[in-house]
Each structure stands twice: as structure tokens, then as C-alpha cells.
Amino acid sequence: MESYKRYAALVFLISLVRNISTSVTHYSIPEEMKEGSVVSNLATDLSLDVKTLNQRKMRLDIIANKKYLDVNKATGELYIVEKIDREYICNTKSSCYLKLEVILENPLRIFNIEVEILDMNDNAPQFRRDAIHLDISEATPKGERFSLSNAVDPDVGSNSVKTYHLSESEHFNIEVQTGRDGSKFAELILTKTLDREQQAVHNLILTAVDGGTPARSGTVSIVVHVSDTNDNAPTFDKASYNIKVMENAPIGSLVIHLNATDLDEGSNSDLTYSYSLYTSEKTQETFNLNPSTGEITVKGMLNYEDFKIYDMEIIATDKGANSLSGQCTIKILVEDMNDNHPEISIKSFQSPVNENIELDTVIAVVSVSDKDSGDNGVVDLHIPDNMPFRLRESSDNYYELVVSEPLDREKVPEYDITFTVTDRGSPPLSDNETMTLELLDVNDNVPQFPQSFYTIRVTENNAPGALLSSLTAFDPDLHENQYLVYFILEKEIANTSMSMLFSINPENGNLYALKTFDYEIEKEFLFHIEARDSGSPPLSSNVTVHIIIVDQNDNAPVIVSPWRAHGSVVEEKIPRSTDKGSLVAKVIALDTDSVHNSRITYQFLQVTDATLFSLDQYNGEIRTMRMFSYRDPRHQRLVVVAKDNGEPALSATVTIKLSTIETAVKAYSDLTEVPLEYDIFSDLNLYLVIGLGSVSFLLLITILVTIVLKCQKPKPSKAAPPCRNSVISERNSTIADSTLVSNDAYWYSLFLAETRKGKLVVRQPVPKGSRYIVSSIPRGTGLTDTSDSAASTLQASTTSSSSST
């Protein structure tokens, strides 16, 4: 600021000397001074009293310009109001002035003031465009000049553009020229010929520098586009091509896409492809050449066997004014393609065959062929692995199909044999042929029953001709080998043939009963049934049949003790002094049905006094529940029913008439206590004891005599083991004459004991050699044979009344 003041003061002094003649006060100030900067003390320079400036209404007028300056009325100083831009005010003028008038009143005075705006280097050179584009042909000779637009600097004098600089370039340089108005401009000079194919664009930087301090500069890009000339001939990627094409390539398929290049551009690089005169017509007919793209495609059918190699020469020509061309040679090799499927020919095929055909027997003869050559013509023949056959090569491309494993029609009735032939081409081709081999049945399977043992339950009393079961066998063979006939294998049981008891339908195996069976006579049968096929020779198998006769409750219980005539009442006498719990009578009933149906229970159907007697429901013993009193009637009537366990239950009844006597001997009393109201040494008891002893003595003598007589009889020649054992026991011989007891219904079916008459009667044939032990027959035994066919020996032994076997 001080420098500005000194500078303004110096200028003022000069102006003051000058104003003596011009009356103009002159100031010089640099542009771009800050706002508020003092140019000079105007009051002092104009010899004005600062104190009177306000009174005289001092004002400053700027002629034809904005108000850049003003006067401080308090101090009289001239100061900057707004920054002054010389280039804005004076543009490109070499001199720039602001004309001012200072006006005072009282008295009126006008002072002319001239402020010179001095230029400062505050602007850099600028080009009118950001980039300069030049098109230069590559054929332009070196030394050629090209005008460039000049740079503009708003500053003047030494601050304006002074010189130009060009970036480093191998092909260009500049020369700075001065115009008539003193402005500087540059010319671009080509120092080396251009080659568009090497460098199509050159980028340069032109720099304009002014003469200020410090110097300022501006730049512009120069883009040189090298224009093409047709100076390059087309060239192919290769001078020659070897191409392999598969035969039977489809029409239109691409063989090769030729790529010729021309370093030129525009029409100079547009190429056209064509065949040369050395290309044969056959080749041109087989292949098509696209003149624009250079693509060679298949035009006709290719056949390796007809033509294997095609030679051609292709020319590429550009479209320049003076066209240039390039050429290449192409050799197309046609490769053999695996385009023929192998063929199968069945020369011989034998079907149907027996399932028992021998191994290695030839079933078929097959030949294979392939029209291709090399590996494409080599073929392999095979069949599925899971078959009982194999292929055997007999000669070149001839194969025999032979049996490798035993055949079984019942498992696989027929085989679909697929012959597959495959060549060794890439990819391989194949063909197949399927033949059906049918197997004929051979009678090689025996009939099979579902079970090896049949148990058939037949309820007795069945109707003759009733169906018992269906015994069906299966034979996997076919036709007559499958037709089965059923037989009963003859077996005699007790001189009776099975064919008299059973019948079987020979066609379907239905088994029938020919008679009515009785469980009490026949309980089971065991025989065999045979199933035989109709093959030649026939095959057969048999099965065991076990017939079990199931019992029905068809026999009512028979009361054998106490014995009575049919429809009669059993009369028994007992002492009136019988003790409590004494055995009065025992009812024994037999049932010839099976164990379940023959289980007998006993019940009172009628009883005179229910408090006097008890009946054991299982053994039939009737005992006294108390002693007789004088109020009890002398005659008691007991009706006992014996009922079996069948469904429905069958029963039998017996009526026992009991009479009490006063003189009877007390026997077999199970009670040891003597009632208080009776005298054990009474006359009646004494008589009973004497009578009982006499009877016992006589019984003992009889037993001894019987034993002696039995021991004197000769022994039989062959002793047969006992078949059935029956026990007859009598626990109280004084109540009943003789009692026959049997726990075996079978024994009772053979014998009938007539206890009243002391006889044992044979009811039906007894197995030869059987021995039966009869016990408790106190009066001796008489045996009567009532069967005409009885040929058995019967031995009877008499034991004491208390023995049991």
C-alpha cells in the first residue's frame, strides 16, 4: 500500500507540473487493487481544506464508468470502492484511463482528474478451442506447414503472448510467427512423413507463454488424424491351410472362415474374396465361397470313397482406387466318417427246442458286417450276460450261439435273445436283432403236494360218500406232463382194504368216505395217496394221509352197578343202625364215547329224604349223612341220574329202593364213633358180628380152593401181553352179590358182566392172545362166549374182595 502511495504521489507531482498547462490531475494505479485501498489524498493534492469538504458538498463523478473510486470527506483521501479490472474496462487497448470530476460548491469549483489503470499480468493466454483437429494424409510430404489458431491474452504489452512451445514429436515441429498487429501465432511443420498403418492419430500439446513476471501460459491439444491411402495389399493369416472335413457333412456347414486383413482403412480395407483360376470346377461345385465374409461352406455332398482331397486358391482384393490383392491356398481333406451302421444276418436259428437240450448245442448262426473301413468297420457282437447262452466265433464275422447252462422251461419258458453288434468308430454305431427261443416241455418234474403229511379229522356217524378233503398236487410241466391222476395205495387193516373205506376222484384228488365210521370201533386210519402225471415215462409222488375219527356223543351212559333188569328197581337192604358216613350203595355207569364225552357225573333226581343221604357226583357213592332215627320211614326211594359230558349231554337213571332192617350186621362203616343212644353189645350187633365172621371164613375157603385149581391148569404155549386192563372192584360184598367195575370203556365194549348170575359174557371178537385180569368176583367166574368169531383165550383170576389191579 505504501508503494502505491509513493507511486501515486510521484505521478501527482508530475501531473501537477503538467496541470499548470492542462489543469488535469493525473493518477496512475495498478489494476486489481483491493477495496478500500487509498490512491492519494485528494484534498492535499488539490489544496483544499479538509474541514470544509462537507460544507462545500464535495462529490466525485466518474464519467461513463462505474463508480470504482470515491473520496473520504473526512480525510480528503481518494480510495478504491470496487476492484478495477483493466481488461474489463479497456479490453485490449494499450492505454486505459478513468476520467473523474471533483465538484465543490460555495464557491463552485470543478477539478478534472485522470486515473490511469496500469496493466498487471493477471491473465494467462487462452486458445479459442480446447482441441485443434487436423486431418493429414499419410502421403503428405515432409516440410508441409499447417496453420494453428493463436492464443489470446487479455493483458497488454509485455504481459501478452510472447511465444509458443510444442510437445515432443517425431513427426512435427512449430514455427512462431508475428502478425501485423504484433500478435504471435504458430505454424505446425511436418518434419517426417506419416504412416497411418503404424500410427493413425498423433496427439500434440501446444503451449502459449506470455511475457509477464511470473510468466503465465495456456495449452491446447492438437489431434492429428492421419488419412489413409491405399498403400497396403490384403494379407491372409496363413499362406496355406490344411483343413479336415468329415464326410457327409451337412449342406451349409462351415468349413473355414478365411480372414484376410488390409492395414488400410475405409474402402481401401474393404475386401472381396474369390476363387482363382487354378481352382477346379469340381471344387467350386462342392464348396461355396462367400465373397464378403470369406466363409467357405459345404455346397455338395462329401463322400470319402468318391473324393478325398480338394485343392483351392482364394484371392482377397480391396476396393481402393488402385486395388491391391493377396492370396492363399487351401487343401481340404475329407475324413472317413462312421456313417454306416453294422449289419446282422441270422443265417440259422433253431426254435423251439427241448428244455433238456445238451450243453454246447448250436442254436443259431449269425454273421455281422460293416461297410466302413478302419476302426469304423471293425465290429463286435454280444448278447446279454444274464442268459444261459454264449457266442462262439466260428470264422471271420461268423458266430455260433450255443447253450452254456442247463435250460429249465418251468423257470423260463422262452428267451428273447438280442444280438447287438457295435463297431469301433467314434462315436460307435450299433444295431440289434432280437430272436425268440421257445422251450418245449419235457416231463422232468414230479407232482408235488403242498404238504407231505395230511391230517384229516372226520366226525363219526358221517354220511357215506361225504367229501373229506381235496388233496391236490401241482406239476409245473405242460400238457399231458401236467395232467395228474390220483390213486389210493392199497393197504389192508384187519383184512379190510382202504379202497373199501375211502375213494378218491382220480381227476381232482377229492377224497370221499365210503362208509359211516364209528369212533368206538375205528379211531384212525393211515394210508398213502399217489399223484401220477401222464408223461412218458410217468412221474409220481405220494403223500401220507392220517384220518382221525372224531368222537360224537352218540352213546348214553350205561349203569352197570347196581345191576338190575331193564326197567326194574334195585332193592337194597341196610341195617337201620348204620352209622353216619356209611356206604349205602355205589352207582357205576359206563360210557363208550371218548374221554371227554364219557366223563360221567352223578346226581339225585329224586330222594325221599334229602337230609339222610349224600351222593358223590364223581364216583357215585351214596353215603348216609346221619344215623336213622325212629321217625325216618323204613323204606327210602332214591333215583340217581348218570349224565355224560357231551353236547348235548346223554344220561341214564337208576332207582334204588332201600329198606332198613333191625337185625342186619353193621359192615364197612367208616366211622369209629358209636352213637350214644345204641348199645354196641346189643343182641343185634352180636348176631351181625357172628354172621360177618362166618361169611368171611367161607369166602377165604373159596378163594384158596380156586387158587389151587388154577395152579393145576396147563400153561398156554405162548403168553400174550395184555392189551387192555380192566378192573372190577367191589368194596362191599354184603350189599350186592357181585359188582363189575371198569374204568375203561373199551374193556366194557368187549365184555358184559352179569353180576347177578356170576357170568362174564364176551360181546364181540377179542384180539388173539389178549389177557384180561378180572378181580373181586367172590362167587367164582363163569365165562360165556357170545361171539361166533371169538378165537381168543381168556384168563380170569379170582382175588380177594379188597384187592385192586
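Which residue lies over the face of Y304? K308 does, at 4.8 Å from the ring centre. A charge sits over a ring if NZ of Lys or CZ of Arg is within 6 Å of the ring centre and within 35 degrees of the ring normal. K523 is placed over the face of Y519, with 4.8 Å to the ring centre.

This is a predicted model, in which local features need pLDDT of at least 70, side-chain atom pairs count only at pLDDT 80 or more, and totals for chains, interfaces and linings use all residues. Residues are numbered from 1 along each chain as its sequence is written, and side-chain values use heavy atoms, with hydrogens and water left out.

Start with the whole chain. The protein chain holds 7 helices and 54 strands. Helices (H or I, at least four residues) and strands (E, at least two) are DSSP runs, numbered from the N terminus. Of the 805 residues in the protein chain, 40% are buried. Buried means under 20% relative accessible area, exposed over 50%, and partly exposed in between, with a 1.4 Å probe and protein chains only. Take the contacts in the protein chain with a separation of 6 or more: residues 24 or more positions apart account for 64% of them. Contact here means heavy atoms within 4.5 Å.

Next, the strands. Strands of a sheet pair through backbone hydrogen bonds, either parallel or antiparallel. In this model, two strands pair if DSSP finds at least two bridges between them. Strand 22 is joined to strand 23 (residues 295-298) by 3 bridges, and the two run antiparallel. N288 has T297 in strand 23 as its bridge partner.

Further along, strand 28 (residues 362-369) takes part in two pairings. With strand 26 (residues 343-349), strand 28 pairs in the antiparallel sense over 6 bridges. I344 stands opposite V368 of strand 28. With strand 31 (residues 398-403), strand 28 pairs over 5 bridges, also antiparallel. There, V365 has E400 in strand 31 as its bridge partner.

Now look at N232. Where does N232 sit? Its place is the loop between strand 16 (217-227) and strand 17 (235-236). N232 is buried, with a relative accessible area of 18%. Its side chain makes a polar contact of 2.8 Å with the side chain of D231. Another polar contact, of 2.9 Å, joins the side chains of N232 and D264. A polar contact is a pair of N or O atoms within 3.5 Å; within protein, one must be able to donate a hydrogen and the other to accept it, and residues adjacent in sequence count only if both atoms are side-chain atoms. Leaving aside neighbours within four places in sequence, N232 touches E197, D262, L263, D264, D318 and L324.

R637 belongs to strand 50 (residues 635-643). At 42% relative accessibility, R637 is partly exposed. Not counting residues up to four places away in sequence, R637 is in contact with Q606, V607, T608, T655 and I656. K657 is 20 residues from R637 along the chain, and their C-alpha atoms are separated by 4.7 Å.

The structure holds 12 aromatic pairs. Rings of Phe, Tyr and Trp (its six-membered ring) pair if their centres lie within 6.5 Å; planes under 30 degrees apart count as stacked, over 60 as edge-to-face and the rest as tilted. F449 and Y454 form an edge-to-face pair, 6.5 Å centre to centre with 75° between the planes. Both F449 and Y454 are buried. F502 and F525 have ring centres 5.5 Å apart and planes at 80°, so this pair is edge-to-face. The pair links distant parts of the chain, 23 residues apart: F502 is in strand 39 (residues 502-504), and F525 is in strand 41 (residues 524-533). F502 is buried at 2% relative accessible area. F525 is buried at 6% relative accessibility. Ring pairs also link F502, F517, F525 and F527 into a cluster.
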